[in-house]
Amino acid sequence: MGDLTATTSDIDSRLEGHRVELTGYCYRMLGSAFEAEDAVQDTLVRAWRNFDKFEGRSSLRSWLYRIATNVCLDMLKAGNKRARPVDLTGPTPLARAALNPLPENTWLEPMPDGRVLPSAADPAEAAVARESVRLAFVAALQHLPPKQRAVLILREVLAWKAAEVAELLDTSVASVNSALQRARATLADADGPVPDAANPLDEEQRKLLDRYVAAFEGYDMAALTALLHEDAVMTMPPFDLWLRGHDDITGFMLSIGAGCAGSRLVATEANGSPAFAHYKPDPDGPGFVPWAVQIIDVSGGSITGLHCFLDTPRWFPLFGLPDRLDADGA
């Protein structure tokens, strides 16, 4: 019985060792933090149940990716693809701004870096991994048919050989290469501005973010305007409204968003980008309560994107964030 327990423990350990990279793969495929974690759990359960059939004809990693791919393809059969507000409509002028929520499964979801980015000794490999979980890149992936999505991620992000991908998908190398070409063409049409690399932050990026925190917490719109690119965008899922330009963004913050005055920001990391947990003053007394996870796009020394995910009962536990701050901000 002791030997059986040791074997079971060893299997568990070997499977768990792949959880983070599999979560990153499933997140890129599905665009949802929670669906990705469900897909990985399903993958590991299937692998555990069928481990006696795994005879080492391929690597354990390849076998797990095959299972995860099939799980994701099954989940994508419903046809739902997740999006950002900027993918669905044009910007709304401030004068017509209205907060219309759309169903949860409409939206591309944020993801904590620690759940999807395995530690990589190679800086170039780590940079590719970070770029490939950026909101813009994951949103662009949603434009691809599911199998093209898998091919592109496996080939371009994870650097699998065409023959390895063909084996995983039970298809030919020619088919894989054709799917990759079509996927690249689609992404080329969908690509927008690429934010600067964010990790490690260089000194100028750190200073920019420090100034952003000071301007936001002080609700200093003149200082904030100086940090925002003139064509910066602000999104607020689950609302379909999005704003373009520093005048409309600051105008919104002084009108519909005026309740955010006096807020506190706590640094975190999401989607390979700088991010903050946003706490608003508690309307019922001292202290601060969760309001949003903000993901910041930085490019050319300016803030080009401010993406505020407002469903805090979902996001703050996912990020391991406290459910309130004391009056002193602790």
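Helix α2 crosses helix α3 in the right-handed sense, where right-handed means that the near helix is turned clockwise from the far one by less than a right angle, and left-handed that it is turned anticlockwise. This comes from a predicted model, in which local features need pLDDT of at least 70, side-chain atom pairs count only at pLDDT 80 or more, and totals for chains, interfaces and linings use all residues. Residues are numbered from 1 along each chain as its sequence is written, and side-chain values use heavy atoms, with hydrogens and water left out.

As for the elements themselves, helices (H or I, at least four residues) and strands (E, at least two) are DSSP runs, numbered from the N terminus. Helix α2 covers residues 19-30 and α3 covers residues 33-49; the two pack at an angle of about 130°, with axes 8 Å apart. Here the axes are lines fitted to C-alpha atoms, for helices over the stretch in contact, and angles run from 0 to 180 degrees between N-to-C directions. That angle makes α2 oblique to α3; under 35 degrees would count as roughly parallel, over 145 as roughly antiparallel and 65 to 115 as roughly perpendicular, with the rest oblique. On the α2 side the contact (heavy atoms within 4.5 Å) is made by Arg 19, Leu 22, Thr 23, Cys 26, Tyr 27 and Leu 30, and α3 brings residues including Ala 36, Val 40 and Leu 44. By class, the contact of α2 with α3 has nine nonpolar, three polar and three charged residues. Ala, Val, Leu, Ile, Met, Phe, Trp, Tyr, Cys and Pro count as nonpolar, Asp, Glu, Lys and Arg as charged, and the others, Gly among them, as polar.

Another helix pair is α9 (residues 146-157) with α11 (residues 173-190), whose axes come within 9 Å and cross at roughly 95°. That makes α9 roughly perpendicular to α11. Among the contact residues are Val 151 and Leu 152 of α9, and Leu 180 and Leu 187 of α11. Seven nonpolar, two polar and four charged residues make up this contact.

Then there is the sheet. Six strands form an open sheet in the order β2-β1-β6-β5-β4-β3, with mixed pairing; two strands pair if DSSP finds at least two bridges between them. The edges are β2 (242-244) and β3 (264-270), each of which pairs on one side only. On average, neighbouring strands are turned by 20° against each other, direction ignored.

Strand β5 (residues 288-299) pairs with β6 (residues 302-309) in the antiparallel sense over seven bridges, and β4 with β5 is likewise antiparallel over seven bridges. Ile 295 in β5 stands opposite Ala 275 and has His 307 in β6 as a bridge partner. In the β4-β5 hairpin, with six residues between the strands, Gly 285 takes a positive phi near 160°. The β5-β6 hairpin has two residues between the strands, and there Gly 300 takes a positive phi near 60°.

Asp 297 has Gly 305 in β6 as its bridge partner. Helix α12 (residues 203-217) packs on the sheet, touching β3, β4 (273-281), β5 and β6, with its direction at about 140° to that of β5. Helix α14 (residues 246-254) also packs on the sheet, touching β1 (228-235) and β2, and its direction makes about 50° with that of β1.
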